[in-house]
There are 2 protein chains.
Amino acid sequence: MKRIAFLLAAVATMAGAFASVSQSGRADEKAAPIFVTQMPPGYRDWKLISVAHEEGNLNSIGAVLGNDVAIKAYQEGKLPFPDGTIIAALHFKYVPSEENNKVFGRSQSFVPGPPTNVQFMIKDSRKYAATGGWGFGHFNKDGTLGDEAFMKTCFPCHAQAKSTDLVFTRYAP
Amino acid sequence: MKRIAFLLAAVATMAGAFASVSQSGRADEKAAPIFVTQMPPGYRDWKLISVAHEEGNLNSIGAVLGNDVAIKAYQEGKLPFPDGTIIAALHFKYVPSEENNKVFGRSQSFVPGPPTNVQFMIKDSRKYAATGGWGFGHFNKDGTLGDEAFMKTCFPCHAQAKSTDLVFTRYAP
């Protein structure tokens, strides 16, 4: 019995070691990037972190929401974000509101048009060790996953936000 | 002593009667407008209805949140909104994000600056009968209540959104 237990422990340890090697990306081989491939359920009902508008090609207005782990970390000013943190960025086409402008009597009001995409950052320092502990995911407006070439651009860009654990969005008071 | 107490009670009762008359707004006299005078607790953690940007003098970026009654009504497409609905509009100064622009390599990113005000609409068809069943409230950035002259402008403006029960904001999908 003791021997079997020992063997099992050994196998488990080896499996752990392999998983760790493949995920951390050994220096002598290219690390396969891992992305978020499934939308976390219920994210539309999460609490608000902040809002944003991007001009230019993006031409978006967005809301950034967080699960309870994310909101707690933000409200307590805790960095780095703990494992289990999920941040969702909901993007919509940036459109003028004709209705509102009519009431205001001038063109000044911009609101969300149709959704354009939803992006996620999931903190799991083991699973996503190769990309700073964060898994990135981009979902198109029809719910399909963004293509890999595009998603490879998430991490190098976010890596520039080192002082805030790769997260650009600050908590709106 | 007894006499003084009686007088005080009488004055208090009369004051109450006057307050009640002025608040219910009898048909034969001008209804005094009633406003929301206290911020509903916990509103910052409510769920997201939508986001918006106003140009011009307002120069704001905002998030519109709702209590559970509001969110349920929105998600079920229920109109008019039931009593108990509370909608909160959090407004912030609309500012460029130098941090984000540096990463993007161009000026395109706008985020919330300091808060400017918070506005509420509370549905109570009896209490706020004189203003379409909605109580309106505007709180300045320091938490003080907006002045009455300003708050009198809420209802006539919102009254133009008759088909959506005086609410301008649509639910962002």
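Mentor: Gladly! Let us begin with a definition: two strands pair if DSSP finds at least two bridges between them. Keep in mind that this is a predicted model.

Trainee: What makes β1(A) and strand β4 of chain B a pair?

Mentor: Two bridges join β1(A) to β4 (residues 109–123) of chain B. The definition asks for at least two bridges, so the strands pair. They run antiparallel, and A:E54 stands opposite B:S109 in β4(B).

Trainee: How many residues are in contact between chain A and chain B?

Mentor: 28 residues of chain A are in contact with 28 residues of chain B. To count as a contact, the C-beta atoms of two residues must lie within 7 Å. On chain A, the elements giving two or more residues to that side are β1 (47–54), β2 (60–66), α3 (98–104) and β4 (109–123). Of these, β1(A) gives the most, with seven residues. By class, this side of chain A has 16 nonpolar, seven polar and five charged residues.

Trainee: How do you know that the copies meet through the same surface?

Mentor: Because 100% of the interface residues of chain A are also interface residues in chain B, the copies share that surface.

Trainee: And what relation do the rotation and shift give?

Mentor: A rotation of 180 degrees, with 0.0 Å of shift along its axis, superposes chain A on chain B with RMSD 0.0 Å. That is the relation of a two-fold axis.

Trainee: Which residue of chain A comes closest to the rotation axis?

Mentor: A:K47 does, with its C-alpha at 2.7 Å.

Technical notes: Residues are numbered from 1 along each chain as its sequence is written. Chains are lettered from A and ligands numbered from 1 in the order in which they are written. This is a predicted model: local features need pLDDT of at least 70, side-chain atom pairs count only at pLDDT 80 or more; totals for chains, interfaces and linings use all residues. Helices (H or I, at least four residues) and strands (E, at least two) are DSSP runs, numbered from the N terminus. Ala, Val, Leu, Ile, Met, Phe, Trp, Tyr, Cys and Pro count as nonpolar, Asp, Glu, Lys and Arg as charged, and the others, Gly among them, as polar. Copies are superposed by least squares on the C-alpha atoms of residues with pLDDT of at least 70 in both.
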